[in-house]
Amino acid sequence: MNWLRHPRLRLLARLILGLVFLGAALPKLADPPGFAKAIWAYKLFPAWSLNPLALALPWLELFCGLALCFGVWWRAAALWVGALLLSFCLALTLNLSRHHPVDCGCFGTSAPKTQAQRLADMRWTLLRDLGLLLLVVQVLLSAAPGKKTR
Amino acid sequence: MSAPRPTTLLRLLALAALAGLAALVSNRVAGPTRRLAWRGSLVVAVPTMIVPPAREPVAPELAPLTGRENTEVRLKAVAPQTPAPAKQVAPAPPEATVPIRELGSAEALAGFQAGWPFLDARRSAEFAEGHVRGAFCTSVWEADLEDRLIDFKAARHPGPGDPIVIYCSGGDCHDSHLLAEKLLAQGYFHLLIYRDGYPDWVALGRPTAKGAQP
């Protein structure tokens, strides 16, 4: 199973994670009010926290995406990305468990959908986030302790 | 996976600090439609009880639009954007029995013909693409909402009990409800939410206009 910790696989995982988070950050940076509305739809956050989250989260995604792509501070970026993905999974799971369909808001606003479409999308999004979480685990595990990292 | 080293922890904090700083700067330089207030969210957590519309009252429906001529004819047939003059035949605004009530399609048209003000709670970009003719752009998610509400009040001078129609995109759009909650907090208690919203208005071929709020 050593191939799972191969540096090239780590590079690939880093690039995938980095590009996904860059792609997720840009539409949100372009429209913070739209993202605030998307967060509000989850009905999980207090009203006072919506705007600060909508303003800061896309920038965190952007910096983490850049760090992962360019290999700078990638360990810290992977930890942030892992934490973000865990929280996204939790938010989706909670809303799925209470049959509350929401637009993911992951890549900006999307076209109107029916409730059934939204619930189906949420399940796929949850699977995707779990897959990305596995990539984060690979990135963090493959960095042998003691090796010099930037 | 070993515990993060001190340098990694510092970098974690540095990434968060960078994100916060970038958010501060970008929000400061952003235009009003992209800006957000850091504090004092516009959103109310728990909505007031909203009464669904009663049975649709009989209201004069307009024939579907088929061409430009029809548009002109129909636009003449409805009330102008400005408040209806006293002589105009218009239904007297019903008494506000509940502060926020949903409005059916026919009742919305009757209100439009009576000169009730319409507030568009959707995003300003959507407003520019098309809106109820004479409506005010009051996007509940944009930072200049207060200014836009001030403009609306200056233009229409609504009394606390005067009917105000609020709409968004219909369906599960809640922006109109959020705006109604905000206006309720400001002392208005005759707020009518056009339940099916702008898509319904367009589908029924009612008067619309395009362009941003001046």
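## Helix H5 of chain A

The buried residues of H5(A) pack against helix H1 (7–30) and helix H4 (74–97) of chain A. They are Met122(A), Asp129(A), Leu132(A), Leu135(A), Val136(A), Gln138(A) and Val139(A). Buried means that 20 or more other C-beta atoms lie within 10 Å of the residue's own, with C-beta atoms placed from the backbone; 12 or fewer is exposed, and in between is partly exposed. Helices are DSSP runs (H or I, at least four residues), numbered from the N terminus; strands are E runs of at least two.

H5(A) covers residues 115–142. Its 28 residues should span 40 Å at 1.5 Å a residue, and the end C-alpha atoms are 41 Å apart, so the two agree. The expected span is 1.5 Å times one less than the number of residues. An α-helix has 3.6 residues a turn, so residues three or four places apart point the same way.

## Model and numbering

This is a predicted model: local features need pLDDT of at least 70, side-chain atom pairs count only at pLDDT 80 or more, and totals for chains, interfaces and linings use all residues. Residues are numbered from 1 along each chain as its sequence is written, while chains are lettered from A and ligands numbered from 1 in the order in which they are written.

## Chain A overall

Chain A has five helices and zero strands. The order from the N terminus is α-α-α-α-α. Its C-alpha trace spans about 45 × 30 × 25 Å along the principal axes.

Of the 150 residues, 42% are buried. Among contacts (C-beta atoms, placed from the backbone, within 7 Å) with a separation of 6 or more, 70% join residues 24 or more positions apart.

## Interface and core

In chain B, 25 residues are in contact with 28 residues of chain A. The chain B side divides into 16 nonpolar, six polar and three charged residues. Nonpolar covers Ala, Val, Leu, Ile, Met, Phe, Trp, Tyr, Cys and Pro; charged covers Asp, Glu, Lys and Arg; the others, Gly among them, are polar.

The largest nonpolar core has 83 residues. Such a core is a set of buried Ala, Val, Leu, Ile, Met, Phe, Trp, Tyr and Cys residues joined through C-beta atoms within 7 Å. Those with the most contacts inside it are Cys64(A), Ala77(A), Val81(A), Val165(B) and Ile166(B).

Terms used: Two residues are in contact if their C-beta atoms, placed from the backbone, lie within 7 Å.
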